[in-house]
Amino acid sequence: MNIGETLSRLVETSGFTSMTWQQGVMLVVACVLIYLAIVKKFEPLLLLPIAFGVLLTNLPLSGLMHPEFFVPPDGGAPDYAAVLHSGGLLDYLYLGVKLGIYPSLIFLGIGAMTDFGPLIANPKSLFLGAAAQLGIYCAFILAILLGFMPNAAASIGIIGGADGPTAIFLTSKLAPNLLPAIAIAAYSYMALIPMIQPPIMRLLTTEKERKVKMEQLREVSKTEKILFPIIVTIFCVLLLPSVAPLIGMLMLGNLMKESGVVERLSKTVQNELMNIVTVFLGVTVGATAVGSNFLSLDTIKIIALGLFAFIFSTVGGLLLGKLMCVLTKGKINPLIGSAGVSAVPMAARVSQVEGQKADPTNFLLMHAMGPNVAGVIGSAVAAGFLLAAFGG
């Protein structure tokens, strides 16, 4: 073979000659997401690996990922035999998403890092966490009206829970073809909570309400903290068995933390395991964003519906907060209702900031953490309900 034939073969087998316009656009999208993660620091721990997964999967002929193995064009079951026989590196790693392993392990880490003390000290916070799931059901109904099938509408609606792992867990079960759009929308809006929530909070509350000071929470005993994850697991899983992977791992992680007898395991779950799973989850979710599927009108609808869901989840928490303020004769600041979305602890910090803008001596952070951690449970329960209803 002469030099000319070698060069010709090299050109023919290179990715440059095989690239489609959709792949070119997705490479630009990936670079924008990388910029947002590094420069703007929008949820960089997950957005950066997601963005690089988008980059990898849209490089022609790399053979790293084959989404068609998991979502066949004929709508049939995933072809796991093809994955094991002909799959690439990211195909193998994506099995952790498809089988619900990574989101559950993320919840294990979240549980080990979460203090449910504020929720235990003020059980009324649970209602605020439930009210802040309003956006899930509003977005679900609107998605149905826009022509999405119920399983896809449920996956879109869960964006309103402001919980990325929950959105990934549910979508991988109900509508895997929508996973990249939903995951990117969920984590992007979570990062934008400090921009999305404050205008709504100021619109729906009066200055007098924002100045309300709340009494210091009572001290929660160690026994209460140990019993809480056990009781919640038993109740929630008996009520909705489909929520067992998320609630079970969340509460196991919390029990490890609060029991104090497995400190080494707790630290491993919070750090090394959490970091490893985050890398695998992010890269493989991003790798499902193939240009030919991602660049569609449905993606635009999902992004718009995700914002709608976030807004109405905030509205739901605030409205119940206002009602509770009236019923308790001014003992509850409505601002903590907006923290009912499960973006921990970002949403609670936003409540704290808005409260201090109204009155610099107002400290709402620990009060807002109650609805905030209740939102984690609420979004997981909502996902379990939607999975039971539309999981077939």
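Biologist: Where does His367 sit?
Modeller: His367 is part of helix 22. Keep in mind that this is a predicted model.

Biologist: Okay. Is His367 buried or exposed?
Modeller: Buried. The relative accessible area of His367 is 7%, and the cut-off for buried is under 20%.

Biologist: Which backbone oxygen does the His367 side chain reach?
Modeller: The one of Glu215, at 3.1 Å.

Biologist: And what else does His367 touch?
Modeller: Setting aside residues up to four places away in sequence, His367 touches Ser125, Met214, Glu215, Gln216, Leu217 and Ile336.

Biologist: Staying with helix 22, at what angle does it pack with helix 21?
Modeller: About 145°. Helix 21 covers residues 346-358 and helix 22 covers residues 365-390, and their axes are 8 Å apart.

Biologist: Why give me both an angle and a distance?
Modeller: Because two packed helices are described by the angle between their axes and the distance between the axes.

Biologist: Is the crossing left-handed or right-handed?
Modeller: Helix 21 passes helix 22 in a right-handed crossing.

Biologist: Which residues make the contact?
Modeller: From helix 21 you have Met346, Ala347, Ala348, Arg349, Ser351 and Gln352. Helix 22 brings in Leu365, Ala368, Met369 and Asn372.

Biologist: How many of those are nonpolar, polar or charged?
Modeller: Six are nonpolar, three are polar and one is charged.

Biologist: What's up with Lys329?
Modeller: Lys329 has a phi near 55°, which is a positive value in a residue other than glycine. Lys329 also lies in the loop between helix 20 and helix 21.

Biologist: Is Lys329 buried or exposed?
Modeller: Exposed, at 77% relative accessibility. The cut-off for that is over 50%.

Biologist: And how does Ala162 look?
Modeller: The phi of Ala162 is positive too, near 55°, and Ala162 is not a glycine. You'll find Ala162 in the loop between helix 11 (150-157) and helix 12 (164-174). Ala162 is buried, with a relative accessible area of 1%.

Biologist: New topic: where is Gln133?
Modeller: Gln133 is in the loop between helix 9 (125-131) and helix 10 (134-145). Gln133 is buried as well, at a relative accessible area of 3%.

Biologist: So what does Gln133 touch in there?
Modeller: Not counting residues up to four places away in sequence, Gln133 touches Gly161, Ser313, Gly340, Gly375, Gly378 and Ser379. As for Gly340, its backbone oxygen lies 3.5 Å from a polar atom of the Gln133 side chain.

Biologist: Tell me about helix 9, what's Leu128 doing there?
Modeller: Leu128 lies in helix 9 and counts as buried at 1% relative accessibility. Leaving aside neighbours within four places in sequence, the contacts of Leu128 are Gly317, Leu320, Gly321, Met324, Ile336, Gly337, Gly340 and Pro371.

Biologist: How many residues apart along the chain are Leu128 and Gly378?
Modeller: They are 250 residues apart along the chain, with 9.6 Å between their C-alpha atoms.

Biologist: What about Val315, buried or exposed?
Modeller: Val315 is buried, with a relative accessible area of 15%. This residue lies in helix 20 (residues 297-327).

Biologist: And which residues is Val315 in contact with?
Modeller: Ile200 and Leu204, leaving aside neighbours within four places in sequence. Val315 and Ile200 are 115 residues apart in sequence, and their C-alpha atoms are 7.3 Å apart in space.

Biologist: Now helix 13, how many of its residues are buried?
Modeller: 13 of the 13, so helix 13 is largely enclosed by the rest of the structure.

Biologist: What should helix 13 span?
Modeller: Helix 13 has 13 residues (179-191), so at 1.5 Å a residue it should span 18 Å. The end C-alpha atoms are 18 Å apart, which agrees.

Biologist: Last one: how many residues of helix 6 are buried?
Modeller: Seven of the 10 (helix 6 is residues 89-98), so helix 6 is largely enclosed by the rest of the structure. The buried ones are Leu90, Asp91, Tyr94, Leu95, Gly96, Val97 and Lys98.

Biologist: And what comes just after helix 6?
Modeller: Gly100, which takes a positive phi of about 75°.

Key. Residues are numbered from 1 along each chain as its sequence is written. This is a predicted model: local features need pLDDT of at least 70, side-chain atom pairs count only at pLDDT 80 or more; totals for chains, interfaces and linings use all residues. Side-chain values use heavy atoms; hydrogens and water are left out. Helices (H or I, at least four residues) and strands (E, at least two) are DSSP runs, numbered from the N terminus. The expected span of a helix is 1.5 Å times one less than its number of residues. Buried means under 20% relative accessible area, exposed over 50%, partly exposed in between (1.4 Å probe, protein chains only). Axes are lines fitted to C-alpha atoms, for helices over the stretch in contact, and angles run from 0 to 180 degrees between N-to-C directions. A crossing is left-handed if the near helix is turned anticlockwise from the far one by less than a right angle, and right-handed if clockwise. Contact means heavy atoms within 4.5 Å. Ala, Val, Leu, Ile, Met, Phe, Trp, Tyr, Cys and Pro count as nonpolar, Asp, Glu, Lys and Arg as charged, and the others, Gly among them, as polar. A polar contact is a pair of N or O atoms within 3.5 Å; within protein, one must be able to donate a hydrogen and the other to accept it, and residues adjacent in sequence count only if both atoms are side-chain atoms.
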